[in-house]
Every structure is written in C-alpha cells, then in structure tokens.
Amino acid sequence: LYNQENDYSGSFGYKATRFGLGYTLNFNYNDFVKISSGISYENFKGHSSTDSSVTAISDNISTFDNYTLKFGINYDTLNDVFYPTNGHQINLNVLISPEEISDKDFYKIIIKNKKYFNFKNTNNFIFFDNNYGYAHSPNSKIKTKDAFSLGGLNFKGFDYRGVGPLSSNIYLGGNQYFTSTLGYGSSFLFDDKDDINIKLFTTIGSIWDSDYASDPSANIRSSAGLAFDILTPVGPISFNYAVPLKKYD
C-alpha cells in the first residue's frame with residue numbers, strides 16, 4: 001500500500017502523483033523452488049511537464065488506472081542469502097497489465113540468473129550474473145515510466161539512468177535490456193573468520209528498443225570495478241567503485 005509524490009523532472013521531464021496497493025501469495029514448492037502470484041492496482045497522475053512539445057513527456061501527462069497481474073518462479077541453491085560463494089539462482093518474473101482492465105496495456109518478462117563456483121578448500125570463487133528484460137505493448141507505446149532503465153546499481157560504473165537514449169535531455173530508457181557480469185571474489189585477508197570480502201568484476205550490457213527513440217538499436221557498454229562487502233550482525237554493507245570501459249554520448 002503506497003501513496004507517493006515523485007519528481008522525475010531531471011530524468012523523464014515531469015512530476016507524478018501515484019497511489020496503489022497490491023497483494024502477492026508465495027508458495028514454497030520445495031526446498032529450492034518458490035512460486036509467487038499476485039495483483040496490484042495503481043492510480044498514476046503525471047503533471048508539471050518540463051516541455052509539452054516532447055512526446056515522451058506529454059504521453060505521461062494524464063491520469064491512468066492500471067491493474068497488473070504478476071507471476072514469478074525462483075530456483076535457488078545459493079549457499080548464503082547475503083554473500084553467496086557457491087550455487088545457482090534463476091528468477092523469472094512476468095507482469096501483465098491487460099487492456100480490458102487497464103488504461104495502458106503492456107507486459108514484461110524479466111529473467112535473472114546467477115551462478116557461483118567456489119574453489120575447493122578455499123574462500124575464492126568466480127561468479128556470473130546475467131539479466132534480461134523485455135517489455136511490449138500490443139496497442140500503444142511503452143511509456144518511459146514503464147520502460148526499463150539502466151545505470152547505477154544495475155550497471156555499476158554509469159550514472160543512474162545514465163545508459164540509453166535521450167531526447168531533448170529526457171531519458172527514454174528501452175523496451176529491452178541486458179547485463180552480463182563476470183567476477184572473482186575472496187575474503188579480504190584470506191582468513192576464514194574475516195568479515196570483509198572483496199570482489200573484482202567486469203560488466204557488459206545495453207538497453208534498446210525504446211518506442212520514442214529515433215535509433216532503437218543496441219550499443220554495447222562495458223565497465224569494471226571493485227566491491228567490498230563488510231559482514232555485520234544485521235547484514236552486509238557494500239562499497240562499490242567502478243569505471244566505464246566503453247561508453248557513448
């Protein structure tokens with residue numbers, strides 16, 4: 001249950017008032033598989049446009065009522081919730097906002113896959129982290145607020161919403177994205193009792209297929225970075241530093 005005021009002036013070019021509620025049921029199919037399903041409702045009102053001549057902004061300046069059906073399945077054999085070193089996790093989420101009950105119909109498919117390989121008799125491991133998202137609207141454009149964004153925590157080394165096309169300095173996002181990360185991890189002092197862990201990683205990715213972009217093609221970006229995870233009694237505290245290796249204006 002939420003009631004929010006969002007200022008998207010610096011990214012999407014408008015402000016929004018939104019309130020809604022949702023309900024989700026989770027079911028443990030077995031020790032490794034969890035299934036979830038739910039429904040949510042949102043009333044969205046876009047206002048205070050920074051430039052009414054930009055279609056990517058004006059398409060959001062109205063009031064929309066949307067119902068979203070959600071389904072998810074998660075397979076998880078990771079050996080730790082916060083700082084895994086071995087195991088596999090794959091997560092599939094499907095969101096559907098049907099035309100019959102929503103002002104803006106669309107659907108999304110999001111797949112996340114993580115794989116950790118621990119070296120025998122050591123604290124060292126390598127990991128892979130792959131993500132893909134697809135969004136589509138059969139009868140209209142995917143509004144910028146419903147499209148995917150890339151940068152920040154989901155693509156370290158780039159600004160938040162810093163990857164992808166712009167139009168008049170308005171962030172457009174995209175209907176498809178992917179990121180793929182390869183990394184190496186270890187305890188900081190190579191001690192079993194050490195509470196500081198280190199990871200080196202490199203990521204490639206892209207976002208494309210915006211309904212508002214003149215060129216919807218994908219441009220591959222890449223970055224590399226370093227992460228420190230400090231394990232505390234209430235959970236890990238993470239520090240990340242990353243730089244872009246390949247970027248675009």
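Across the whole structure, a search finds 17 aromatic pairs. One of these joins Tyr14 and Phe44, whose ring centres are 6.3 Å apart. Because the planes of Tyr14 and Phe44 stand at 80 degrees, and an angle over 60 counts as edge-to-face, the pair belongs to that class. This pair links distant parts of the chain, 30 residues apart: Tyr14 lies in the loop between strand 1 (2–7) and strand 2 (15–28), whereas Phe44 belongs to strand 3 (residues 33–47). The model is a predicted one, and in it both partners fall under the 20% limit for burial: Tyr14 is buried, with a relative accessible area of 0%, and Phe44 is buried, with a value of 1%.

A second pair has another geometry. Phe125 and Phe127 are tilted, with 6.1 Å from centre to centre and 45 degrees between the planes. Phe125 and Phe127 are both buried.

Ring pairs link Tyr8, Phe12, Tyr14, Phe44, Phe64 and Tyr171 into a cluster. Phe44 has a further neighbour in Lys145, which lies over the face of the Phe44 ring at 4.4 Å from its centre.

The strands come next. Strand 6 (residues 106–118) and strand 7 (residues 125–136) run antiparallel and are joined by twelve bridges. Within this pairing, Phe117 has Ile126 of strand 7 as its bridge partner. Strand 6 and strand 7 form a hairpin with six residues between the strands, where Asn121 takes a positive phi near 65 degrees. Strand 7 is also joined to strand 10 (residues 176–187) by ten bridges, and these two strands likewise run antiparallel. Here Phe125, a member of the tilted pair, stands opposite Gly185 in strand 10.

The last stop is Ala56, which is placed in helix 1 (residues 55–58). Is Ala56 buried or exposed? With a relative accessible area of 2%, Ala56 is under the 20% limit and is therefore buried. Neighbours within four places in sequence being set aside, Ala56 is in contact with Thr144, Leu172 and Tyr212.

Technical notes
Residues numbered from 1 in each chain as written. Predicted model: local features only at pLDDT ≥ 70, side-chain atom pairs only at ≥ 80, totals over all residues. Heavy atoms only, no water. Helix = DSSP H or I, 4+ residues; strand = E, 2+ residues; numbered from the N terminus. Buried < 20%, exposed > 50% of the residue type's maximum accessible area, 1.4 Å probe, protein only. Contact = heavy atoms within 4.5 Å. Phe/Tyr/Trp six-rings, centres within 6.5 Å; stacked < 30°, edge-to-face > 60°. Lys NZ or Arg CZ within 6 Å of the ring centre and 35° of its normal. Pairing = 2+ DSSP bridges.
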